[in-house]
Amino acid sequence: MYNHNLLEEKWLQLWKTKQVNRFFDDKTKPKYYILDMFPYPSAAGLHLGHVRAYTITDVLSRYHKAKGFNVIHPIGFDAFGLPAEQYAIASNKHPGDWTDKNITNFIEQLTAFGFDYDYQLSLKTTDPRYYQYTQWIFGQLFEAGLAEVKEIDVNWCAELGTVLANEEVLIDSNGNAVSERGEFPVTKRKMKQWVLKITAFAESLLNGLAELDWHQSIKEMQTNWIGKSEGVEVTFDIENSKETITIFTTKVQTIFGVTFLALSTSHPLVKEVAKTNPKIAQFLQKQAQKTTTVKQPETLHDGVDLKLKAINPATNTAIPLYVANYVVEGYGTDAVMGVPAHNENDNFFARKQKLPIITVIDKQERLQHSGQFSGLNSQTANTQITQMLVERQKAKKTTVYKLRDWIFSRQRYWGEPFPILFDENNQPHLVKELPVTLPALANYQPDGSTNPPLWRNQEWAKVKQGNQTFTRETSTMPQWAGSCWYYLGYLMLINNENFWPIDSKEAKDLFERYLPVDLYVGGAEHAVLHLLYARFWHQFLYQKGIVTTKEPFKKLINQGMVLGPDGKKMSKSKGNTINPTPLIDSHGADALRLYLMFMGPISAALTWLDDGLNGMRRWLDRVHNFFHKENIIKETVDQETVYGYNLFLKRSYEHLEKQELNLVISQMMIFLNLLYKTKQLTLAYAKGFLTVLSFFAPYLAEELNAKLGMEPFIVHAQLPNVDNSVLETDKVKIILSVNGRFKGTKEFAKGVDEQTVLKAFKTDPEFQALFDQPLARVVFVPNRIINVLLKSE
């Protein structure tokens, strides 16, 4: 067994000294931009999920370099966020110190795995040189009318002292809303927040999905999140009142089956009634303990009668109004028409409230109990009922989206400051001199109020300009902000360690040359929010002429999770986590890289097996041992080796193009087995094999390349060509299968007929005994296999 520790340390130092991974802006080569979803630098360091994802991109980066592409494959750190702030609260130390320490640890770990990152292109979102452009993009959105302050319902966590996104809120065992981090109580409250109008891009975001080479399931998740619905807004008069209720529906043909209207807890009429109705007020208070997206199933269809009646415009009958917690706030008009016979949620609610259920569409999709429209098919009825209601001035066609505007404020310290000053009339003004940097604080602890921590630094918060005193925005941006555009930040670092200005000619030339990202690899958990927000900002920058592509990420791959040895998701509480760093010491980075790629398809969730890693380490020893045999390098080799080598290259390249990395390793194993049989290899063939090996196991490949006296560095080698003429043969190997079991192969001329093949097997001493029994049936697949079924005695 070779000493992987000494070998890997040796080449790590040589690569560093010779700047092997240095990126050069070579305009003579075609570009290839491969991107990892950059990590949050936690104190725990790299986990196996990181290593698997980054090995995928490293293999593909090295492959494309060998193909002759000018590959940019950078790494950075999504370094703002709540964990660092919680550390600051506990230690009363600046979160930047903790973050920078963690980044140093991450870089050491990433380097040990041999990844081909050029750290001169590395960035962190907490760097003011970087986040000044996060602030700049916000400023452009503000000037375009796409950023504004609104008073909205938010999830407020007093213990964390901040607003939480719906995705950051859980429901505990008692049905109460709690924070994902720390499980602290979360309540609903009205607050003024910055909001970005992503809804203005809803149609563009939806249409852009057609251009993307993403898995269909990810596209569907984004499509559903945007939630486009084309339908009708119908107006219901309120009995004995001048007020009306407008609902949105995509199934107006069911209007004769409406037996109630349900309003959301945020509907203006509900809030008005609550002022004089204690029961309604109590219900609203109870619902404030829950998020808008996660509710306990047993309380999902709760509601209270508002003691008001609405007039159905189709039937002219009075129906009751309810406030109901299953009505999605902010979607459509915050009101739905209850059709319990044809909607599951409405049905649950109606049965709970003991309301009538009227079936108006039969099993043949024809209307019944629907007046003059009875007997029509559903689609025709939809058109005609819409026309009737429009003529009565009770309806209009419209399109709505489930997508909500992006709440962009966080009452935290550790985030990008807003470049905003409020005047004495509370009107916002954009700060042009960037960056607006985070000041130090004496205390990071939430004080129980809704004031952000930055509010305490009044010297910073108050700005005197002439005779006016302005107040800074003291909330900070969410962690999503810095990750929306970091793929541009890497390009802005090319030939400028301080970033080219985002609106400069130099930056635009780089954007035009390297965008879009050719391959983006990361977890499916970011399928909606991060990807949607990044696409939103990119499309806005495209409108502004900053970038020249409509979409940021051409192809997306979501790698599967590495499950614990018990087949379950790894977690400290389950005691099934695997720390990758000690495995470098025990098995070597090459072995771990190979095993993570060999486990299975890159998109599959796969179970960790210690034996699998051990097996991969033994295979590397086989590779090492073969190249240390005497007299294996020949001037010429036999035809079997020539054929096997070219077949190995051809199939490896085919699998690499399809990102079937586990199958590339299988091809290396097959070829190595052949080498052990033939015991001969030319120097060119050795370099070809080591070039492919270097994509997966760069350390050992480099060492063996040097051992053979070839020029370093193998990681810079170009792909050898496949001699396809060698693979074009008039001979084929045909498999013999008896009663469904493989028995052997024989070589024949291509196009040989069934009778010739059968006779050859029957008369071959190796197979004669198999044909002692009469034949029941023969199935022949030309040039591939002959299946023989024998009669049972």
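Mentor: Start with a cut-off. Buried means under 20% relative accessible area, exposed means over 50%, and partly exposed lies in between. Keep in mind that this is a predicted model.

Take Arg22 first. Its relative accessibility is 31%, so Arg22 counts as partly exposed. Arg22 forms a salt bridge with Asp118, and the closest N and O atoms are 3.9 Å apart. This pair links distant parts of the chain, 96 residues apart. Arg22 sits in the loop between helix 1 (4–17) and strand 1 (31–36). Asp118 sits in the loop between helix 4 (95–112) and helix 5 (128–143). Asp118 has 8% relative accessibility, so Asp118 counts as buried.

Now go to Asp302 and Lys352. Their salt bridge has its closest N and O atoms 2.9 Å apart. Again the pair links distant parts of the chain, here 50 residues apart. Asp302 is in the loop between helix 9 (278–287) and strand 11 (303–311), while Lys352 is in helix 10 (residues 344–353). Asp302 is buried because its relative accessible area is 16%. Lys352, at 39%, is partly exposed.

Asp509 and Lys505 meet in a salt bridge of 2.8 Å, N to O. Both lie in helix 15 (residues 505–514), 4 residues apart, about one turn of the helix. Asp509 is partly exposed at 29%, and Lys505 is exposed at 60%.

Last, some bridges join up. Asp25, Lys27 and Arg513 are linked in a network of salt bridges. Across the whole structure, the search finds 25 salt bridges.

Conventions:
Residues are numbered from 1 along each chain as its sequence is written. This is a predicted model: local features need pLDDT of at least 70, side-chain atom pairs count only at pLDDT 80 or more; totals for chains, interfaces and linings use all residues. Side-chain values use heavy atoms; hydrogens and water are left out. A salt bridge is a side-chain nitrogen of Lys or Arg within 4 Å of a carboxyl oxygen of Asp or Glu. Helices (H or I, at least four residues) and strands (E, at least two) are DSSP runs, numbered from the N terminus. Buried means under 20% relative accessible area, exposed over 50%, partly exposed in between (1.4 Å probe, protein chains only).
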